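Subject: Structure handover

Hello,

I am passing this structure on to you. Please open it first and then read the notes below.

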Amino acid sequence: MSITCRPISAEQHLAFIQQRGSASFLQTPAWAKVKPEWRGESVGFFADGELTGVALVLYRQLPKLKRYLAYLPEGPVLDWSRPDVADHLRALVAHARRSRSFAVRIGPAVVHRRWKADTIKAAVADEAVTRLSEATPDETTLVGTRVINQLIHGGWHTDESGHGFAAGQPMFNFQLPLRHDDGTQKTDDELLKGMNQLWRRNIKKADKEGVVVRQGTRDDLERFHRIYLETAQRDRFTGRPLAYFQTMWDALNAEDDDRMRVYLAEHDGDLVAATTFVRVGEHAWYSYGASTNAKREVRGSNAVQWRMIRDANAAGCAVYDLRGIVEGVGADDPEIGLIQFKVGTGGEAVAYLGEWDYPINKPLYLAFDLYLKRR
């Protein structure tokens, strides 16, 4: 069977995702509008004329040269259990070569390993374990192992550290499954019972204190952003400008009018926490979060998360995704508090395959890699 890769319309791209049920929001056509420093292109994979996969390819030009990095964040969107995955990837490289790309970078959204909440807690408590990968996973998927072998044999390579956020999308993520193994939806009571005692107590306290969580509008992004900058200063990261969130809202909701939401947790009229939420089909994400330094005792962050979890469940989602975590689980790891907060939901840590590169022009690729490392 011959596999080809060529440009498709945004409508074809979206129709494939809808038929599939879900895909990363980073692989929707709209995401290209959120990243204007990249040139976006929707491409499709065809097996003897049948559309078998899609991708959003983002092209970044090298300074002074008409050569590009072709980047597929959390893509392409394929059935990774297909026997002809390697043929699809060769077709992608051929298309990138025709598009004057010096390299291709992909991030298959394939879960390779899973660690349940109890396994993570045991790893955190064990002084001999400093990284999540040092703890035996509860599951290692066959499809993930197979795809890794296909990538290695196909000439792709990856940064095996996978423990940070610097290089594209994080390998390690935290997810809360919303369905039973038989595919039926969990009830809100079942999800609440799956949380640890601290989470249940904080949700109850927020309710007792009178915290009200509501879904906002585009105009509320400004209020979200105000406390997001407060959070950035407290947690020592560089915050994005308000315009970024407005562009994200406009682009994603133009594609689907309920793709992105903003939630606000208020106490006696004061905004105490706020979040953004994205959904594509059966997959929902907690995207960005913020909280004030004041009134932390009313537990607005727990209240807003609980509202988003229930709304994702009511929408029939299979998973509520709390996005990236770093791999460190040592007591002195600077991100240990983030992992402990997320593990309290009763979910699981998952390791994707990470991001993989295929150098088309090796000298340019090596120069680009050196440039990134020196930035």
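How many residues lie between S13 and S14 in their hairpin, and which residue in the turn has a positive phi? Two residues separate these strands, and the one with the positive phi, of about 60°, is glycine 281. Please keep in mind that this is a predicted model.

The nine-stranded sheet

S13 and S14 belong to an open sheet of nine strands, in the order S8-S7-S16-S10-S15-S14-S13-S12-S11, and the pairing in this sheet is mixed. Strand S8 (139–140) and strand S11 (212–215) are the edge strands, each of which pairs on one side only.

Alanine 274, for example, has alanine 290 in S14 as its bridge partner. S14 also pairs with S15, but here the strands run parallel and there are three bridges. Tryptophan 285 has its bridge partner in S15, namely aspartate 321. S15 is in turn joined to strand S10 (residues 172–177) by four bridges, and these two strands run antiparallel. Opposite asparagine 173 stands glycine 324 in S15.

S14 is largely enclosed by the rest of the structure, because seven of its nine residues are buried.

Helices against this sheet

Helix H10 (residues 300–314) lies across S10, S11, strand S12 (260–267), S13, strand S14 (283–291) and S15. The angle between H10 and S13 is about 25°. Together with S14 and S15, H10 makes a right-handed β-α-β unit. Helix H4 (residues 117–125) lies across strand S7 (113–116), S10 and strand S16 (348–351). H4 runs at about 80° to S7.

Alanine 273 is placed in strand S13, which spans residues 270–280. Is alanine 273 buried or exposed? Alanine 273 has a relative accessible area of 0%, so this residue is buried. Leaving aside neighbours within four places in sequence, alanine 273 is in contact with a list of residues that includes Ile227, Tyr263, Leu264 and Ala265. Ala290 and Ser291 are also among its contacts, as are Gly300, Ser301 and Val304. Tyrosine 228 is 45 residues from alanine 273 along the chain, and their C-alpha atoms are separated by 8.9 Å.

Strand S4 (residues 68–72) has five of its five residues buried, so the strand is largely enclosed by the rest of the structure. Tyr68, Ala70 and Leu72 point one way from S4, while Leu69 and Tyr71 point the other way, and all are buried.

S4 pairs with strand S3 (residues 50–61) in the antiparallel sense, over four bridges. The hairpin of S3 and S4 has six residues between the strands, and lysine 64 takes a positive phi near 70° there. S4 also pairs with S6, in the parallel sense and over five bridges. In that pairing, the bridge partner of tyrosine 68 is serine 101 in S6.

Arginine 60 is found in strand S3, and its bridge partner in S4 is leucine 69. Arginine 60 counts as partly exposed because its relative accessibility is 33%. Not counting residues up to four places away in sequence, arginine 60 touches Glu37, Trp38, Arg67, Tyr68 and Leu69. Glycine 300 is 240 residues from arginine 60 in sequence, and the two are 40 Å apart in space, C-alpha to C-alpha.

Serine 99 is found in the loop between helix H3 (85–98) and strand S6 (101–106). Which residues are in contact with serine 99, leaving aside its neighbours within four places in sequence? They are Tyr59 and Tyr68. Serine 99 has a relative accessible area of 18%, which is under 20%, so this residue counts as buried.

Cysteines

How many disulfides does a search of the whole structure find? The search finds zero. Cysteine 5 is buried, with a relative accessible area of 3%. Cysteine 317 is buried too, with a relative accessible area of 0%.

Regards

Terms used
Residues numbered from 1 in each chain as written. Predicted model: local features only at pLDDT ≥ 70, side-chain atom pairs only at ≥ 80, totals over all residues. Heavy atoms only, no water. Buried < 20%, exposed > 50% of the residue type's maximum accessible area, 1.4 Å probe, protein only. Contact = heavy atoms within 4.5 Å. Disulfide = S-S within 2.5 Å. Pairing = 2+ DSSP bridges. Axes fitted to C-alpha atoms, helices over the stretch in contact; angles between N-to-C directions. Right-handed = clockwise from strand over helix to strand, strands pointing away.
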